[in-house]
Amino acid sequence: MRHRVGQRKLGRVTEHRIAMLRNQAEALIRHERIETTMPKAKELRPFVERIITIAKRGLAAGDANAGTLHARRMVLRDIQNRDVVAKLFDTIAPRFEARPGGYTRILRLGYRRGDSAEVAQIELVGSEYNPNAEAEKKDTAEKAQPKGVGGRLRAAAERLRGKKAEGEAAEGSEGTEGATPAKKAKPARPERGKGGGRADTRGKGAKTTAPRKAGGS
């Protein structure tokens, strides 16, 4: 029986355990879903839900009684990243305004291969993973495109006008820079013989002979 056992120690000292929960809470608020082991997820759930409740109460109190400022300072004790705190107060807390608790969901993912630890995904309610998100984006993009032959022709004409304008701008920029010097023409190669071999140069060059020996016949 677990009488008088407050929380799981997770194999860590108090300071290390609190630092780990703070880091995981910051990551959960930033990304709205993280993967961790099952015991860590069960410890993270009340930790992060308490932070969300503080933000909700601060927004309900309003700025008139300085309730929002006090709530932000209480949250900043555990989450030191001001961008994450701003997202908590601007996006996440208003989402759960009419929800009395239960802001997170734990999903079992199986067992880790290395040490066979049970792995779970903890996520905020309302930010569920949608596997068809990319297909839906593609469908909306296709719907935004013009339909019919006339619409396609108008889109093609607009693309051609854009390319033509870009080409004229490029030509104008080249003209302002100055004309490039013309390349020198290569000299013509000499014609070869009809047989396809080398040209016949017999009798045209100087004839070289070896000198005679002295006293020879």
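Q: Which side chain is joined to that of glutamate 43 by a polar contact of 2.8 Å?
A: In this predicted model, the contact runs between two side chains, one of them that of glutamate 43. The separation is 2.8 Å, and a pair of N or O atoms has to lie within 3.5 Å to count. The partner of glutamate 43 at 2.8 Å is arginine 8.

Q: Is glutamate 43 buried or exposed?
A: Glutamate 43 has a place in helix α2, residues 38-61. Its relative accessibility is 12%, and the cut-off for burial is under 20%. Glutamate 43 therefore counts as buried.

Q: Which element gives the most to the largest nonpolar core?
A: That core has 32 residues, and Leu44 and Leu88 have the most contacts inside it. At least two residues each come from α1 (14-31), α2, α3 (67-76), α4 (82-95) and β3 (118-124). With nine residues, the element that gives the most is α2.

Q: Is α2 roughly parallel or antiparallel to α3?
A: The two helices pack with their axes 7 Å apart, at an angle of about 165°. Angles over 145 degrees count as roughly antiparallel. So α2 is, relative to α3, roughly antiparallel.

Q: Is the crossing of α2 and α3 left-handed or right-handed?
A: On the α2 side, the residues that meet α3 are Ile51, Ile54, Gly58, Leu59 and Ala61. On the α3 side they are Gly67, Thr68, Ala71, Met74 and Val75. The crossing in which α2 passes α3 is left-handed.

Q: In what order do the elements of the protein run from the N terminus on?
A: The protein has six helices and three strands. From the N terminus on, the order is α-β-α-α-α-β-β-α-α.

Q: What percentage of contacts between residues at least 6 apart in sequence join residues at least 24 apart?
A: The protein has 217 residues, of which 25% count as buried. Among its contacts between residues at least 6 apart, the share that joins residues at least 24 apart is 55%.

Terms used. Residues numbered from 1 in each chain as written. Predicted model: local features only at pLDDT ≥ 70, side-chain atom pairs only at ≥ 80, totals over all residues. Heavy atoms only, no water. Helix = DSSP H or I, 4+ residues; strand = E, 2+ residues; numbered from the N terminus. Buried < 20%, exposed > 50% of the residue type's maximum accessible area, 1.4 Å probe, protein only. Polar contact = N/O pair within 3.5 Å; in protein donor to acceptor, adjacent residues only side chain to side chain. Core = buried A, V, L, I, M, F, W, Y, C linked by side-chain atoms within 4.5 Å. Axes fitted to C-alpha atoms, helices over the stretch in contact; angles between N-to-C directions. Parallel < 35°, antiparallel > 145°, perpendicular 65-115°, else oblique. Left-handed = near helix turned anticlockwise from the far one by under 90°. Contact = heavy atoms within 4.5 Å.
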